[in-house]
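Please read the following report alongside the sequence and the 3D view. It takes up a strand residue, a helix pair and aromatic rings in turn.

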Amino acid sequence: MLRTTLRILGVVALAILPLSSGAMAAPAKGGTITVATIGEPPTLDPMVSTADLVGIITQHIFETLFTFDADWNVTPLVADAMPEISADGRVYTIKIRQGLTFHDGSALDADDVVASLKRWTEVASRGKLAAGNIEAIEKLDAATIRITLKQPFAPLLALLAFNNSAAVILPSEKIAPELKDIVGSGPYMLKARVPDQYIQLVRFDGYKPREGDPNGYGGARKQYLDEIRFTPVSNPNTRVEGAVAGQYDYTDSLPVEAIDKIKAGASEPIILKPFGWPVFVMNTKEGLLSDLKLRKAVQLALNEEDMLAAAFGSTDFYALDGAMYPEGYPWRSEVGTEIYNKGDAEGAQKLLEEAGYDGQKPIRILTSRQYEFHYKMALVAAEYLKAAGFQVTLDVTDWATLTQRRADPALWDIYISHSPFLPEPALIGALAKGSPGWWDTPAKDKAVGAFNQALTQEERVKLWAGVQQVMADEVPLIKVGDFNALSAKSKALQGVTPAPWPYFWNAYVEK
């Protein structure tokens with residue numbers, strides 16, 4: 001089988017994606033921008049969803065105790081400073097910034113933080129990942145909380161900082177299992193939501209930004225824009241044409257082959273390099289792929305190189321790489337990658353025979369054309385799986401429907417998604433027991449537990465290789481490769497920092 005040479009993407013050691021804010025010369029206050037997104041978000045409750053689209057929108061409405069700076073270090077947001085951590089790594093004492101208010105005018109204090117974090121541990125997949133390690137979350141005074149752990153848990157701060165399945169702070173009196181009131185403390189607040197037309201956010205005049213300069217997702221969040229309007233545009237070609245015509249101020253997630261068309265139009269391309277990795281998530285709980293031998297057959301049958309070529313066309317936009325992190329990242333390990341990119345139909349057929357698969361039941365691949373590269377990979381994967389002896393059906397839906405269906409293990413065997421390269425491996429969705437795919441085995445628990453309890457970075461890097469090996473052995477997911485992402489912005493929109501989850505505080509329209 002022909003193989004392309006692995007293209008090494010340039011990254012700076014210890015950096016995920018530079019989030020340097022750059023200088024903003026005399027920003028103009030006022031104006032409205034329209035942001036074209038890949039579709040309608042399934043919810044505006046950021047705790048209950050791991051969909052990137054939900055995080056992109058709701059990070060403007062809600063805030064977390066911590067966030068990430070330009071170098072992907074955890075930095076305070078609602079918290080006043082980084083926590084005091086006991087010598088044994090079990091007790092975190094966190095001070096809360098004073099003078100913060102919610103969009104309804106109520107003051108934000110320790111009661112809200114404690115109630116919010118308790119809800120997060122109950123309803124959020126990443127909150128549940130932390131919950132098993134938490135002994136208590138309690139208020140010390142109106143401006144201080146304490147989190148006591150059962151044992152050291154290194155990913156805690158990264159989990160508290162992440163905008164996906166996010167530990168957002170809510171008014172305690174509005175907390176419920178199902179969030180009814182979309183009220184946060186962020187720089188913009190919800191004014192209107194018209195399903196399938198727009199989500200309208202307006203400036204929250206009571207917002208109190210941090211002092212200093214913008215710094216990645218952290219630092220000062222400046223409110224130049226009067227309004228941000230998120231508009232669902234599910235067809236990628238429609239997004240391209242809208243960007244070319246200057247219809248949108250920012251257009252997210254464009255097919256990479258459209259870059260020359262974007263350059264020739266009214267917008268400017270934004271390339272995030274390297275952005276992340278497409279992933280085939282396996283349903284380990286129910287159906288065909290609850291059988292490990294059948295998951296291994298899928299793993300052996302697929303040709304990742306052909307899937308990447310179909311999805312992205314040019315190696316300018318992808319790299320063939322089975323490791324969970326690319327070169328230059330501290331988490332980089334090639335452990336377990338020997339099974340990657342085999343395209344071995346004969347070997348897969350043997351595993352099907354051993355598993356007693358008779359071809360009567362199809363593998364159901366759940367995908368969406370709103371991310372066109374997902375769909376293109378699904379088409380190629382289906383042919384390789386058929387060649388190995390699987391019957392295959394494609395279930396093609398809009399993204400909101402996909403995020404709903406993937407929560408039901410009776411409805412799918414593989415769903416296709418993608419992820420940016422995350423600053424902390426524990427943030428990878430498959431490591432959470434409640435995450436769709438429901439990977440939960442003794443080997444996983446042992447490897448992930450050791451990784452999460454290690455106190456030093458050096459030890460954690462070594463233990464991550466062990467987690468990657470278990471992932472290769474048990475096949476809860478298949479990483480397809482590395483890819484770069486393309487978006488576009490109008491030439492008048494300034495102050496936008498390229499980021500995996502684009503944000504528009506600090507952005508302004510040049511007059």
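A residue is called buried under 20% relative accessible area, exposed over 50% and partly exposed in between, with a 1.4 Å probe and protein chains only. This is a predicted model, in which local features need pLDDT of at least 70 and side-chain atom pairs count only at pLDDT 80 or more, while totals for chains, interfaces and linings use all residues. Residues are numbered from 1 along each chain as its sequence is written, and side-chain values use heavy atoms, with hydrogens and water left out.

| Residue | Relative accessible area |
|---|---|
| Thr148 | 9% |
| Phe312 | 5% |
| Phe373 | 11% |

Thr148 lies in strand 7 (residues 144–149), strands being DSSP runs of E with at least two residues and helices runs of H or I with at least four, numbered from the N terminus. Leaving aside residues up to four places away in sequence, Thr148 touches Arg90, Val91, Ile134, Glu135, Ala136 and Glu138, where contact means heavy atoms within 4.5 Å.

Phe312 and Phe373 form a tilted aromatic pair, 5.2 Å centre to centre with 35° between the planes. Rings of Phe, Tyr and Trp (its six-membered ring) pair if their centres lie within 6.5 Å, and planes under 30 degrees apart count as stacked, over 60 as edge-to-face and the rest as tilted. This pair links distant parts of the chain, since Phe312 sits in helix 8 (residues 304–312) and Phe373 in helix 10 (residues 372–388), 61 residues apart. Elsewhere, ring pairs link Phe68, Trp72, Phe162, Tyr217, Trp501, Tyr503 and Trp505 into a cluster.
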